[in-house]
Amino acid sequence: MYHVVGGIVSPVGDDYGKQGLVASKHRLAMARLALQRSDWVSVDDWESQQEDWTETVVTLR
């Protein structure tokens, strides 16, 4: 049996290259506002601060 003990929202960096993607600083702010009352989901800015796009597995490590 598995138990979920927490969650992380990690917005992708600006170099992801998707057309129309809002700047990461704005996506981070929106995520933080949306989750400010959550006691088990947090926002992490590591991925959005990287100079290059990172694969999901790298972010998870």
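In the predicted model, T54 is buried, with a relative accessible area of 13%, which falls below the 20% limit used for burial. T54 is located in the loop that runs between β2 and α2. Apart from neighbours within four places in sequence, the residues in contact with T54 are W46, E47 and T59. With T59, a polar contact of 3.1 Å is formed between the two side chains.

The loop between β2 (41-43) and α2 (56-60) also holds W53. This residue is partly exposed, at 46% relative accessible area. Together with Y16 and L21, W53 makes a nonpolar surface patch of about 310 Å².

Two salt bridges are present in the structure. One of them joins the side chains of D14 and R27, with an N to O distance of 3.5 Å. D14 lies in the loop between β1 (7-9) and α1 (24-35), whereas R27 belongs to helix α1, so that the pair links distant parts of the chain, 13 residues apart. D14 is partly exposed at 45% relative accessibility, while R27 is buried at 14%.

A further salt bridge is formed by R32 and D45, whose closest N and O atoms are 3.7 Å apart. Here helix α1, which contains R32, is linked to the loop between β2 and α2, where D45 is placed; the partners are 13 residues apart. R32 is partly exposed, with a relative accessible area of 42%, and D45 is likewise partly exposed, at 32%.

According to an unreviewed UniProt entry, residues 10-52 carry the feature "domain: Cytidyltransferase-like". The C-alpha atoms at the ends of this span lie 15 Å apart, and the span is 28% helix and 7% strand.

Technical notes: Residues are numbered from 1 along each chain as its sequence is written. This is a predicted model: local features need pLDDT of at least 70, side-chain atom pairs count only at pLDDT 80 or more; totals for chains, interfaces and linings use all residues. Side-chain values use heavy atoms; hydrogens and water are left out. Patches are made of residues with over 30% relative accessible area and no salt bridge: like charges are joined within 9 Å, nonpolar side chains (Val, Leu, Ile, Met, Phe, Trp, Tyr) within 5 Å. Accessible areas come from the Shrake-Rupley method with a 1.4 Å probe; for residues, only the protein chains shown count as cover. A salt bridge is a side-chain nitrogen of Lys or Arg within 4 Å of a carboxyl oxygen of Asp or Glu. Helices (H or I, at least four residues) and strands (E, at least two) are DSSP runs, numbered from the N terminus. Buried means under 20% relative accessible area, exposed over 50%, partly exposed in between (1.4 Å probe, protein chains only). UniProt positions are given in the numbering used here, feature names are shortened, and annotations may be inferred rather than shown by experiment. A polar contact is a pair of N or O atoms within 3.5 Å; within protein, one must be able to donate a hydrogen and the other to accept it, and residues adjacent in sequence count only if both atoms are side-chain atoms. Contact means heavy atoms within 4.5 Å.
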